[in-house]
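The structure is shown first.

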Amino acid sequence: MLTGKVALVTGAGRGIGRQIALTLAQNGAAVIVNYNGSKDSAEEVVAAIRQSGGSAEAMQCNVADFASSEEFVRTVLDQYKRVDILVNNAGITRDNLIMRMTEEDYDAVLDTNLKGAFNMIRHLSRSMIRQRSGRIINISSVSGVLGNAGQSNYSASKAGLIGLTKSVAREFASRGISVNAVAPGFIDTDMTRNMTEEAKKALNSMIPMGRMGSAEDIADLVLFLAGEHSDYITGQVICVDGGMSM
C-alpha cells in the first residue's frame with residue numbers, strides 16, 4: 001500500500017507514535033523513527049520493524065527547536081531524497097490547574113506539541129511542494145476539541161494543531177498535499193494501564209462506547225489518511241474517541 005514511500009513519525013519511540021511507525025512500516029513505508037530523549041525505545045521500534053522485514057531508522061531531534069528541526073529535515077532529505085508522509089505525533093503533558101501552572105510548563109507543552117508541528121511542516125514544505133504530493137497528519141486530541149480541566153496548556157496546544165491543520169490544508173490543497181488531524185480520546189497505553197480499576201471504571205463511564213481505544217485504532221486511521229484511498233480528504237479533524245466528542 002505504501003511501498004516506495006518515506007514516512008517520518010515524530011515522537012515514535014513509544015505509545016501511539018510507536019504503533020503508527022510499526023503500522024506504516026508493515027504496509028511498505030520506509031519509516032524514520034524520530035525521538036528526542038528515548039533513544040533505547042526508538043531503537044527497539046526500529047529493531048521490531050526490521051525483524052518483520054521492514055525498513056526503519058531512528059533519528060534524534062528535538063522538534064520544538066526551530067534550528068535543530070531544520071538541520072534534521074535537511075539530513076533526512078539528503079539521505080532519503082523525499083518525505084511522502086509526515087506524522088506530527090511528538091507531544092508532552094505538564095498538567096496542573098491554571099492558577100498553579102508555571103510559565104515554563106505552559107511554554108514547554110506549546111513548544112513541543114504545537115510549535116514542533118509547525119517546525120516540521122515549515123521545513124518540509126518546499127520539498128513536498130516540489131514533488132507536488134504529500135500527506136501531513138497531525139495528532140491532536142479530544143482535549144483540543146472539548147477542553148479538559150487541569151490541561152489548559154495541553155488542550156490549547158492540541159486545539160492549536162486543529163487550526164494549524166485547517167490553515168495549512170488550505171495553503172497546500174492545490175499542490176497535491178493533504179493535511180488532516182486525528183484526535184484520539186482515551187487510549188489504552190502504559191500510563192492508563194497503571195490506573196486503579198476504580199479510576200478506569202470512572203474513565204470508561206465518560207465514554208459512550210464504555211471502553212478505551214487502542215493505539216492500533218489510531219494507527220489504522222493514520223494508515224488510511226497516508227494512503228491513496230484518502231485522496232479527496234483534507235483539512236479534516238477525525239475523532240477516534242468512542243463517541244466522547246459527539
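## Backbone at two loop residues

Lys81 sits in the loop that links helix 3 (66–80) to strand 4 (85–88). The model is a predicted one, and in it the phi angle of Lys81 is near 75°, a positive value in a residue that is not glycine. With a relative accessibility of 64%, Lys81 counts as exposed, because the cut-off for that class is over 50%.

Arg132 also has a positive phi, near 55°, and is likewise a residue other than glycine. Its place is the loop between helix 4 and strand 5 (134–139).

## Overall fold and dimensions

Nine helices and seven strands make up the secondary structure of the protein. The radius of gyration is 17 Å, close to the 18 Å that the globule rule gives for 246 residues, so the protein is as compact as a globular protein of that length. The C-alpha trace spans about 50 × 35 × 35 Å along its principal axes.

Of the 246 residues, 48% count as buried. The accessible surface of the protein comes to about 11900 Å², and carbon and sulfur atoms account for 49% of it. Among contacts between residues at least 6 apart in sequence, 73% join residues at least 24 apart.

## Two threonines

Thr165 belongs to helix 6 (residues 152–172). Is this residue buried or exposed? Thr165 is buried, with a relative accessible area of 0%; the class requires a value under 20%. Not counting residues up to four places away in sequence, Thr165 touches Asn138, Val179, Asn180, Ala181 and Gln236.

Thr234 lies in the loop between helix 9 and strand 7 (237–240). Its relative accessible area is 28%, which makes Thr234 partly exposed. Leaving aside neighbours within four places in sequence, Thr234 is in contact with Ala169, Ile177, Ser178, Val179 and Asn180. The C-alpha atoms of Thr234 and Ala169 are separated by 6.1 Å, although the two residues are 65 residues apart along the chain.

## The enclosed cavity

How many cavities of 30 Å³ or more are there? The count comes to one. About 40 Å³ of space lies in the largest cavity.

The lining of this cavity consists of Thr10, Val63, Asn88, Asn89, Ala90, Thr112, Asn113, Gly116 and Ala117. Helix 4 (residues 103–131) supplies the largest share, four residues. By class, the lining has three nonpolar, six polar and no charged residues.

## The second largest pocket

The second largest pocket has a volume of about 230 Å³. Its lining holds 13 residues, and those nearest its centre are Gly15, Asp188, Asp190, Arg193 and Ala215.

Which helices each supply at least two residues of this lining? They are helix 1 (15–26), helix 7 (190–193) and helix 9 (215–226). Helix 1 gives the most, with four residues. The lining residues divide into two nonpolar, five polar and six charged. The lining of the largest cavity, by contrast, has no charged residues.

Key
Residues are numbered from 1 along each chain as its sequence is written. This is a predicted model: local features need pLDDT of at least 70, side-chain atom pairs count only at pLDDT 80 or more; totals for chains, interfaces and linings use all residues. Side-chain values use heavy atoms; hydrogens and water are left out. On a 1 Å grid over the protein atoms alone, a cavity is a set of points where a 1.4 Å probe fits but cannot get out, and a pocket is an open set with protein on both sides within 12 Å along at least five of seven lines; lining residues have an atom within 4 Å of a point. Grid points are joined across faces, edges and corners, and a volume is the space filled by probe spheres set on the points. Ala, Val, Leu, Ile, Met, Phe, Trp, Tyr, Cys and Pro count as nonpolar, Asp, Glu, Lys and Arg as charged, and the others, Gly among them, as polar. The radius of gyration is taken over C-alpha atoms; the globule rule is 2.2 Å times the number of residues to the power 0.38. Buried means under 20% relative accessible area, exposed over 50%, partly exposed in between (1.4 Å probe, protein chains only). Contact means heavy atoms within 4.5 Å. Accessible areas come from the Shrake-Rupley method with a 1.4 Å probe; for residues, only the protein chains shown count as cover.
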